[in-house]
Amino acid sequence: FSADVDYPSAALSGAENNLSLKLNNFDTPLLGQFKIEVVVPDGVSIIDPSADQIASSSGWSLTKADNSWQLTGLNASSTALEIPFHFKVNNFNQNRLEIIVRLSYQGTDGKQLVFFEKRADMDVIKNDLNLALTINGNQGDQAVNFGDTLNYVVSYTNQGAVSLNNITVSAVADSPFIDWSTLAAASNGNLKDGVVTWTKNEVPALAEIKSGQAGSLGFSVRLKKFSSTDLGNSFQVKSYAQFNIDDNAVSGTTNRSNVINNNLNSDLSFSEKILYFDENNSPVGDGPLPPKVGEKTSVRVYWTLNNTLHDLDKVKVVFPLSPDTSFDGSVNVQAGTIYYDQAANQVVWDLGRIPVSVPVVKGSFTLSLTPAPGDQNKILVISAGSKATALDLENSAPISLTSAPKTTKLEDDDIAALSNSGRVQ
């Protein structure tokens, strides 16, 4: 399975800050139980994770022992887990803070054996107004894909003893790949030069933020698709929030939230076409068109993968078969292997690693369809959408793409469309 830690780049002194341990992909044999340690320096305290409710509904349990926790009950059917830990910076006088999250289990000889360790380094900010930024629910760095939608939430809390008046909050998103024409500001923010800003005119609550008062501001924006003209740009989105008081900026960077760097994954694209006549108008299918009950109609499935920026690994395409369809073979691939996985009833294209020196890879196979009596006069779904997955080796991040559903109308086949209604006869 995999483990990671989500943490902010900055922690506010005197406040409760968030840190999460994320565990997923339980598809291999697991240890029966293991130990979670969260090591903090003097002056910083850990608040117990509120995981009991999750544990009771997920089959696993979390038990505290001193400054560590014992996790038990994970198995191959467990769902992804996120265990929240909260920490408070109390009497800590340094500008940088390091928290260590460590996973270990007890060997047969009684020794504690470490199999995962992450060091969370962050700045310590001493300020009355705490700003925290999340993008798509994450407060730390995370890889994103071209064309993704980024959902920004800026949370603010007045940690001081007095009210703060006439606050201006801004969210900065620095990247040439942000399509600002897609901006949707749920909190009525104003956009100028890649900065979304809120004042008391848009959000009356910013006129006075009383001691202990909290709120949030949000917007969403979409990333552009990749173009060959983009080569040479920095493939990263750098984002943070900041505030001013009475239109006067707070000195230095103490008015800033955590900084989130979203690296862009490779520009992998995936297309699927299902044809009876190929692009040269030659028949590659066989049998009645439109399909007929009890008779076999064959079509050809064509897959194309394009990739430019980063080397990819664990590249795979999966086509789930419906009850009316079957794999007929006749495979043609430029790389990898296309085969039928009988246990899962799906066609798999396993390519392994694709370097950037191979920008285009194609594969195809024959698929047959035999409608049942109950299918008469229906348009059947041939493909509910194939799924292409890969690991971006530059960012060590997964990429997942899904093709559009395809039916017996053969939406990609212009020649077949001349005489094919798609309705089973």
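The following legends describe close-up views of a predicted model. Residues are numbered from 1 along each chain as its sequence is written, and side-chain values rest on heavy atoms, with hydrogens and water left out. In this predicted model, local features need pLDDT of at least 70 and side-chain atom pairs count only at pLDDT 80 or more, whereas totals for chains, interfaces and linings use all residues.

**Figure 1. Confidence along the chain.** The predictor's confidence in each residue is given as pLDDT, from 0 to 100. The chain has a mean pLDDT of 87, and 92% of its residues reach 70 or more. Strands are DSSP runs (E, at least two residues) numbered from the N terminus. Among the elements of the chain, the highest mean pLDDT, 96, belongs to strand 25 (residues 312-320), and the lowest, 42, to strand 21 (residues 248-249). Over residues 51-57 pLDDT stays under 50, and the model has eight contacts for them beyond four places in sequence; a contact means heavy atoms within 4.5 Å. Residues 248-253 also have pLDDT below 50, with five contacts in the model beyond near neighbours in sequence.

Figure 2. Two strands pair if DSSP finds at least two bridges between them. The strands of this open sheet follow the order 1-3-8-5, with antiparallel pairing. Strand 1 and strand 5 (44-47) are the edge strands, each pairing on one side only. Neighbouring strands are turned by 25° against each other on average, direction ignored; the axes are lines fitted to C-alpha atoms, and angles run from 0 to 180 degrees between N-to-C directions. Four bridges connect strand 5 with strand 8 (residues 81-89) in the antiparallel sense. Opposite Ile47 stands His86 in strand 8.

**Figure 3. The largest pocket.** On a 1 Å grid over the protein atoms alone, a pocket is an open set of points with protein on both sides within 12 Å along at least five of seven lines, and lining residues have an atom within 4 Å of a point. Grid points are joined across faces, edges and corners, and a volume is the space filled by probe spheres set on the points. The largest pocket has a volume of about 1100 Å³. Its lining comprises 35 residues, of which Asp4, Gln142, Ser396, Ala397 and Pro398 are the closest to its centre. Strand 1 contributes the most to this lining, with five residues. By class, the lining has twelve nonpolar, 15 polar and eight charged residues. Here Ala, Val, Leu, Ile, Met, Phe, Trp, Tyr, Cys and Pro count as nonpolar, Asp, Glu, Lys and Arg as charged, and the others, Gly among them, as polar.

**Figure 4. The largest cavity.** A cavity is a set of grid points where a 1.4 Å probe fits but cannot get out. Two cavities of 30 Å³ or more are counted, and the largest has a volume of about 60 Å³. Its lining includes Leu289, Pro291, Thr297 and Leu410. Strand 29 (360-369) and strand 24 each supply at least two lining residues, and strand 29 gives the most, with three. The lining divides into seven nonpolar, four polar and no charged residues.

**Figure 5. Two features of the backbone.** Leu289 and Pro290 are joined by a cis peptide bond, with omega about 5°. Pro290 lies in the loop between strand 23 (269-275) and strand 24 (297-306). Lys314, found in strand 25, has a positive phi of about 55° although it is not a glycine.
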